[in-house]
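Visitor: Hey, I've got a model open and I'd like to talk through its charged side chains. Can you walk me through it?

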Amino acid sequence: MTTVCGYLTDVEGNYDYFERYVAISRVIKWADDEKSELELNDGCEFVFGGDSQDKGIGEIRFVKHLLSLKRRYPERVHIIIGNRDANKLRLAGELSEEALAD
């Protein structure tokens, strides 16, 4: 059996860009007309190549969909952390009381 791999990167919070990708994807699709959940097609794997957010208005919505997909298909959904994602991860440490005291 051949596995089809879908790859998406640099959404950067641009939800319209993400929706256009889903519309043409052979790997992921909306589970319902309300676009409340994504499904991964049988025989497919999905790789997100990083940079989920960067001041776009769809950041939270996109990340929720991405994490939900990963939870339901943990062996077939792969997430690579990009530089913009890594920068957001360190924010909590930078805002800690200890860091702010410096």
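Visitor: How many salt bridges are there?

Guide: The count comes to three salt bridges, taking a salt bridge as a side-chain nitrogen of Lys or Arg within 4 Å of a carboxyl oxygen of Asp or Glu. Keep in mind that this is a predicted model, where local features need pLDDT of at least 70, side-chain atom pairs count only at pLDDT 80 or more, and totals for chains, interfaces and linings use all residues. Residues are numbered from 1 along each chain as its sequence is written, and side-chain values use heavy atoms, with hydrogens and water left out.

Visitor: OK, which residue does Glu 19 meet in a salt bridge?

Guide: That's Lys 35, at 3.6 Å from N to O. Glu 19 sits in helix α1 (residues 15-24) and Lys 35 in the loop between β2 (28-30) and β3 (38-40), so the pair ties together parts 16 residues apart in sequence. Helices (H or I, at least four residues) and strands (E, at least two) are DSSP runs, numbered from the N terminus.

Visitor: And how accessible is Glu 19?

Guide: Glu 19 is partly exposed, with a relative accessible area of 22%. Lys 35 also counts as partly exposed, at 36%. For the cut-offs, buried means under 20% relative accessible area, exposed over 50%, and partly exposed in between (1.4 Å probe, protein chains only).

Visitor: What does Glu 39 pair with?

Guide: Glu 39 forms a salt bridge with Lys 29, and their closest N and O atoms are 3.9 Å apart. Glu 39 is in strand β3 and Lys 29 in strand β2, 10 residues apart, and the pair links distant parts of the chain. Glu 39 is partly exposed at 30%, and Lys 29 is partly exposed at 38%.

Visitor: Where does Arg 72 lie, and where is Glu 37?

Guide: First, the contact: Arg 72 and Glu 37 form a salt bridge, with the closest N and O atoms 2.7 Å apart. Arg 72 lies in helix α2 (residues 59-72) and Glu 37 in the loop between β2 and β3, so this pair ties together parts that are 35 residues apart in sequence. Arg 72 is partly exposed at 31%, and so is Glu 37, at 34%.

Visitor: Switching topic: is Ser 25 buried or exposed?

Guide: Ser 25 counts as buried, at 17% relative accessibility. Ser 25 lies in the loop between α1 and β2.

Visitor: Which backbone nitrogen lies 3.0 Å from a polar atom of its side chain?

Guide: The one of Ile 28.

Terms used. A polar contact is a pair of N or O atoms within 3.5 Å; within protein, one must be able to donate a hydrogen and the other to accept it, and residues adjacent in sequence count only if both atoms are side-chain atoms.
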